[in-house]
Amino acid sequence: MASSQTAKNDISLAEWALVEEIRAGKWKNLDFPRIAREDFDLNGIEFVNTLFEAPTESYLKKLKQNADDHGVKMILIMVDEEGDGCADTKGGRKQFEINHRKWVDIAQYLGCHAVRTNCRGPENVDRQQALEWADESYNMLLEYARPANINIVIENHGGVSNDPDWMISLIKKINNPAFGTYPDWRNPSDEFDNYTYLQKTLPYAKGMSYRNQPTEELTANMIRLCRDSGYQGWYGIESKGREEVKKGIELLKKYLLHQ
């Protein structure tokens, strides 16, 4: 079982949970460590790359200092708008790798353990063809990330990444211990069985994108599945808004940390 750079289970705050506050100008990425500690008393934070103002050296030094001052661990960077890991052109796959390099470097500098990527592929793509394309993209990126000791993970954000069997095939094809899944719990629907997805991809998980489920019972089932599987690591709460974050903390403490 791959872990996510922690010897025990703990709760982190995913920046996307409070994205509306940031967009409204209530606080900035540099304030994220303070928000996590003072407002929620959480030990970890998970960034979104598009919310970094200007990641210059002085900016990153300040961010590190803020995290140190508040005793907050920086876990990973969720990378959006930098290309798709299943691009349908050779140039697109190479550009995907190039675009993610800077976030690998920033993740290493900040002490994060992983960079989260997107891998959707074109609509109605042939699954075998998608495997070949993604294999090329991720082997390039993993090779770049290797000296930095940064894990590369895929979150189920649509397309082929929503197919757990395809994801497992890709992970086995690449066969690299630094490569894994980052399951987004989302909500169950006719189009997406979140419980089955989590169940199948858990052995390869290097983090959790936790979301409150429609009922406490469903949330408890998801938590128990992770706990009983042997997964140990961070649960990054991505449920939208402060009240949902607080609810997630309560449920994780009830069904995970206090067991």
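**Conventions**

The model is predicted, and local features require pLDDT of at least 70, side-chain atom pairs count only at pLDDT 80 or more, and totals for chains, interfaces and linings use all residues. Residues are numbered from 1 along each chain as its sequence is written, and side-chain values use heavy atoms, with hydrogens and water left out.

Helices (H or I, at least four residues) and strands (E, at least two) are DSSP runs numbered from the N terminus.

**Stop 1: H4 against H5**

Select helix H4 (residues 90–110) together with helix H5 (residues 127–145); their axes are 9 Å apart and pack at an angle of about 30°. Axes here are lines fitted to C-alpha atoms, for helices over the stretch in contact, and angles run from 0 to 180 degrees between N-to-C directions. H4 and H5 are therefore roughly parallel to each other. In this scheme, angles under 35 degrees count as roughly parallel, over 145 as roughly antiparallel, 65 to 115 as roughly perpendicular and the rest as oblique. The crossing of this pair, H4 and H5, is right-handed; that term applies if the near helix is turned clockwise from the far one by less than a right angle, and left-handed applies if anticlockwise.

Next, display the side chains at the contact (heavy atoms within 4.5 Å). Colouring the residues of the contact of H4 with H5 by class gives eight nonpolar, two polar and seven charged. The classes place Ala, Val, Leu, Ile, Met, Phe, Trp, Tyr, Cys and Pro as nonpolar, Asp, Glu, Lys and Arg as charged, and the others, Gly among them, as polar.

While H4 is on screen, select Gly92, which is placed in this helix. Gly92 is partly exposed, with a relative accessible area of 24%; buried means under 20%, exposed over 50%, and partly exposed in between (1.4 Å probe, protein chains only). A C-alpha to C-alpha distance drawn from Gly92 to Ala178 reads 23 Å, for a pair 86 residues apart in sequence.

**Stop 2: H5 against H6**

H5 passes H6 in a right-handed crossing. On the H5 side, the contact is made by Arg127, Ala130, Leu131, Glu132, Ala134, Asp135, Tyr138, Asn139 and Leu142, and on the H6 side by Trp166, Ser169, Leu170, Lys173 and Ile174. The residues of the contact of H5 with H6 divide into eight nonpolar, two polar and four charged.

**Stop 3: the nonpolar core**

Which residues have the most contacts inside the largest nonpolar core? Select Phe52 and Tyr138, which hold that place in a core of 86 residues. Such a core is a set of buried Ala, Val, Leu, Ile, Met, Phe, Trp, Tyr and Cys residues joined through side-chain atoms within 4.5 Å. Centre the view on Tyr138: leaving out residues up to four places away in sequence, Tyr138 touches Gly85, Phe96, Thr117, Asn118, Cys119, Ile152, Ile154, Ile174 and Phe179.

**Stop 4: H2 and H9**

Turn to H2 and helix H9 (residues 242–257), whose axes come within 12 Å and cross at roughly 65°. That makes H2 roughly perpendicular to H9. The contact is made by Ile35, Asp39 and Phe40 of H2 and Arg242, Val245, Lys246 and Ile249 of H9.

Within helix H2 (residues 32–40), select Ala36. Ala36 is buried, with a relative accessible area of 0%. Beyond its neighbours within four places in sequence, Ala36 is in contact with Leu13, Asp41, Leu42, Gly44 and Ile45.

**Stop 5: two loop residues**

Select Glu81 in the loop between strand E3 (73–78) and H4. Glu81 has a positive phi of about 60° although it is not a glycine, and is exposed, with a relative accessible area of 74%.

Finish at Asn149, in the loop between H5 and strand E5 (151–154). Asn149, not a glycine, has a positive phi of about 60°. With a relative accessible area of 67%, Asn149 is exposed.
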